Amino acid sequence: MQNAGLAALGLDWRYVAFDVDPSQLRPAIQGAQAMRFIGLNLTLPHKLLAVDMVDVLGESAQGWGAVNTIRFEGREPGGAWRPLREFAVAPQETRSHGFNTDAEAITRALREDLGVELSGARILLLGAGGAGRTAALKLACEGIKELFLVNRTRSKAEAVANEIRQRSPQLKVTLGYPAGQVDLALNATSLGLKPEDPPPWDERQFSLRQAGAVYDMIYRPVESALLQAAKAAGCRTANGLGMLLYQGAKALELWTGQSAPLSVMRQALERNVYG
Ligand code: NAP
């Protein structure tokens, strides 16, 4: 997806994957910086570790406690820091600047791929792991009306609920399933990745007919059992591919300073993920 995006922007850059042991993350970031890389993406567990390894933490990375994108920057003779792409001659002094593009990607996918109006929405969120926590905290910033949190390990859902109550005290957070309708049910558990997985929700406590729309963060398989059941129940549905696309598109924009060529990137992603 990134290489397709770079080609469409006419840049002779390359996006390459490296398998880095967590114990080697700091020297890996420093090495990329020394070699004048434009930037990096990081996935788990690196995106949590990198918070203490970058020179500057952007607001997004600070807020979410994770760095999934690094932009290397150089200092101008006058003293201002600029992205490396803006230098014709490699600058003497460089730094790493950490960002997080994951949270924005979740709400963008819900709006653009599923047409959910988040402001005033009632939402059921399944899962309180890394992605579930980020989704919950981000949704809480979007003016939603009520959030229902369900997680196998209840204490983790409680911890997320307490975090939200501190950050967004006006939002009503309930642990457990809603009795009435919700605008959106969002699966942030890993249930559905494997065909033999049980459903991520308790069918005795919640009927998909209660949901206007269902989003599954899982994108492989293309249509999880949850999404199949949601479609049959008449819900609008979307899988997690958009989330993956939008976090990558935002990273590309941070590195290049240009709008990401979304349709080209989406096509490349679909080709890669689905064959
Ligand atoms: P994680 O931190 O490991 O959290 C896993 C979540 O799934 C937890 O809520 C966990 O509950 C729950 N879970 C796992 N096995 C379960 C089981 N047998 N029964 C009930 N609940 C179970 O993982 P994550 O990073 O948050 O990822 C969660 C999902 O989102 C994964 O499917 C991942 O592929 C997807 N994801 C998609 C994107 C995207 O770009 N589309 C990005 C990130 C993640 P407990 O807390 O009780 O363990």
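1. The ligand is surrounded by 21 residues, and the closest of them are Ala 131, Asn 151, Arg 152, Thr 153 and Lys 156. The model is a predicted one, and every distance or angle quoted here should be read with that in mind.

2. The shell around the ligand is made up of eleven nonpolar, eight polar and two charged residues. Two helices, H6 (130-140) and H9 (241-256), each contribute at least two residues to this shell.

3. An oxygen atom of the ligand is 3.1 Å from a polar backbone atom of Ser 190. A nitrogen atom of the ligand lies 3.0 Å from a polar backbone atom of Met 217. The ligand taken alone exposes 920 Å², and 71% of that is buried by the protein.

4. Helix H9, which supplies at least two residues of the ligand shell, contains Gln 247. Is Gln 247 buried or exposed? Its relative accessible area is 13%, under the 20% limit, so Gln 247 counts as buried. A polar atom of the Gln 247 side chain lies 2.9 Å from the backbone oxygen of Leu 244.

5. The second largest pocket holds about 180 Å³ of space. Its lining has 15 residues, and those nearest the pocket centre are Gly 192, Pro 195, Asp 197, Ser 224 and Ala 225. By class, the lining divides into ten nonpolar, two polar and three charged residues.

6. Two cis peptide bonds deserve a check. Most peptide bonds are trans. The bond from Leu 44 to Pro 45 is cis, with omega near 0°, and Pro 45 is placed in the loop between strand S1 (39-41) and helix H3 (46-49). The bond from Arg 220 to Pro 221 is also cis, with omega near 10°. Pro 221 belongs to the loop between strand S10 (211-216) and helix H8 (225-232).

7. Arg 36 has a phi near 65°, a positive value in a residue other than glycine. Most residues other than glycine have a negative phi. Where is Arg 36 found? Arg 36 is in the loop between helix H2 (25-34) and strand S1. Its relative accessibility is 33%, which lies between the 20% and 50% limits, so Arg 36 counts as partly exposed.

8. Ile 164 is part of helix H7 (residues 154-167). Ile 164 has a relative accessible area of 0% and is therefore buried. The C-alpha atoms of Ile 164 and Asp 55 are separated by 28 Å, and the two residues are 109 apart along the chain.

9. Val 20 is found in the loop between helix H1 (2-8) and helix H2. With a relative accessible area of 23%, Val 20 is partly exposed. Between the C-alpha atoms of Val 20 and Leu 42 the separation is 9.8 Å, and these residues are 22 apart along the chain.

Conventions
Residues are numbered from 1 along each chain as its sequence is written. This is a predicted model: local features need pLDDT of at least 70, side-chain atom pairs count only at pLDDT 80 or more; totals for chains, interfaces and linings use all residues. Side-chain values use heavy atoms; hydrogens and water are left out. On a 1 Å grid over the protein atoms alone, a cavity is a set of points where a 1.4 Å probe fits but cannot get out, and a pocket is an open set with protein on both sides within 12 Å along at least five of seven lines; lining residues have an atom within 4 Å of a point. Grid points are joined across faces, edges and corners, and a volume is the space filled by probe spheres set on the points. Ala, Val, Leu, Ile, Met, Phe, Trp, Tyr, Cys and Pro count as nonpolar, Asp, Glu, Lys and Arg as charged, and the others, Gly among them, as polar. A residue is near a molecule or strand if one of its heavy atoms lies within 4 Å of it. A polar contact is a pair of N or O atoms within 3.5 Å; within protein, one must be able to donate a hydrogen and the other to accept it, and residues adjacent in sequence count only if both atoms are side-chain atoms. Accessible areas come from the Shrake-Rupley method with a 1.4 Å probe; for residues, only the protein chains shown count as cover. Helices (H or I, at least four residues) and strands (E, at least two) are DSSP runs, numbered from the N terminus. Buried means under 20% relative accessible area, exposed over 50%, partly exposed in between (1.4 Å probe, protein chains only).
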